[in-house]
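Subject: Structure handover

Hello,

Here is the structure for your files. My notes on it come after the coordinates.

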Amino acid sequence: MFSKSKPARFFRLACAATFFAFAAVVFGAYVRQADTALGCPDGPACAAKPVAPIVAMAALGDHKNPQRPWQDMVERYIAGALGLMMIRLAVLGWQLRHRPGQQVVIPLAVLVLVFGLTAVSVFTMDLQTKPLVLTIKFLGGLLIVALLWWVVLRQQRIFRSVTPTPMTRQLRWRALFALVIALLAIVSGSWSTTNYAGLACPDFPMCQGQYWPDADFAGGLLRWQAEGLAFDRTELDLAAATAIQLTHRAGALMALLYLGWFALRLLRVGIQENLCRYGLLLLVMLSFAVAFGIMSAVGGLELSVGVAHTATAALLFLTLVTIYHVLRAPSRS
């Protein structure tokens, strides 16, 4: 039977909240990408022409999907359930605040973040299809998942912190750098997805039959600074969309190289501290994320593949959070 003590309830609720937060991120990716077929009804074939991305983005900006109401309602139900869980989790954390090692600040911060994102959704109701709003919501959701997973990690006893040594201290800083590299790749990927920039490069590893086609990086990456939340993907031309996709591919390549090296490093030196399993886990998650990314690039933004790519990228990020937790010094309690 499950323990009915408050610490046990706090841990179970933190696990449930993490699951719902992850589900919100994945379903949000589904809602965000569900309209991709509207601009490209024939699948990858329509992306074969250089002009196709512009036509597709214009259609996506103007079309109202009649299937969206149920999708929006499911997304709101998930967010509502998560909000209720966070209220209870924050209350439990506060009640247990005198318990050694108890997480109090993070649940409160996540509670504020959840209702902050809800407020953003309410006050930007007319801007729900804008790339900047979609990117903020996705990154906010990913941050919520990571923070809740950190709460779970600090309360559980499976992924134990290793004994501090010069080697683990060195690996800890490398894990932190890996988190930064992965986050940059995810940010560029989110910006590419919300602008449907993948349609600008329907081939891989080349783009439009070239390794470096014409690209307008200022128009693709900086134009939103002048227009704010009103920035719309339909204002992008082919060169700007190409720049966004090239930026994501460059970020993904850097993440592949560094995270792949870091995983192999853990496999090689981690046998002393039982870190080999984390290196193997990182290598597996990195392989899945890269594989789905390539499949999404050559598949004309296939919905199921795109959602799987988002899910594996989030799981890859959580894997790095886990590795950083393991490499930290054990909490003094």
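This is a predicted model: local features need pLDDT of at least 70, side-chain atom pairs count only at pLDDT 80 or more; totals for chains, interfaces and linings use all residues.

Residues are numbered from 1 along each chain as its sequence is written, and side-chain values use heavy atoms, with hydrogens and water left out.

Helix pairs

Helix α1 (residues 6-33) packs against helix α6 (residues 131-155) at an angle of about 160 degrees, and their axes are 9 Å apart. Helices here are DSSP runs of H or I with at least four residues, numbered from the N terminus. Axes are lines fitted to C-alpha atoms over the stretch in contact, and angles run from 0 to 180 degrees between N-to-C directions. The angle makes α1 roughly antiparallel to α6 (the term applies over 145 degrees). Their crossing is left-handed, meaning that the near helix is turned anticlockwise from the far one by less than a right angle.

On the α1 side, the contact (heavy atoms within 4.5 Å) includes Phe10, Phe11, Phe22 and Arg32. On the α6 side, Leu134, Phe138, Trp149 and Gln155 are among the residues involved. By class, the contact of α1 with α6 has 17 nonpolar, three polar and one charged residues. Nonpolar covers Ala, Val, Leu, Ile, Met, Phe, Trp, Tyr, Cys and Pro; charged covers Asp, Glu, Lys and Arg; the others, Gly among them, count as polar.

Helix α7 (residues 166-194) and helix α10 (residues 238-269) pack at about 155 degrees, with axes 8 Å apart. That makes α7 roughly antiparallel to α10. Their contact has 19 nonpolar, eight polar and two charged residues, and α7 passes α10 in a left-handed crossing.

Two residues in α12

Histidine 325 is in helix α12 (residues 303-327). Its relative accessibility is 4%, so histidine 325 counts as buried (under 20% relative accessible area, 1.4 Å probe, protein chains only). The side chains of histidine 325 and arginine 154 are joined by a polar contact of 3.5 Å, that is, a pair of N or O atoms within 3.5 Å, one able to donate a hydrogen and the other to accept it. Apart from neighbours within four places in sequence, histidine 325 touches Trp150, Leu153, Arg154, Gln156, Phe159 and Ser161.

Threonine 310 also lies in α12. At 10% relative accessibility, threonine 310 is buried. With neighbours within four places in sequence left aside, threonine 310 is in contact with Ala29, Arg32, Gln33 and Phe138. Arg32 and Phe138 also take part in the contact of α1 with α6.

Regards

Notes. Angles under 35 degrees count as roughly parallel, over 145 as roughly antiparallel, 65 to 115 as roughly perpendicular and the rest as oblique. Buried means under 20% relative accessible area, exposed over 50%, partly exposed in between (1.4 Å probe, protein chains only).
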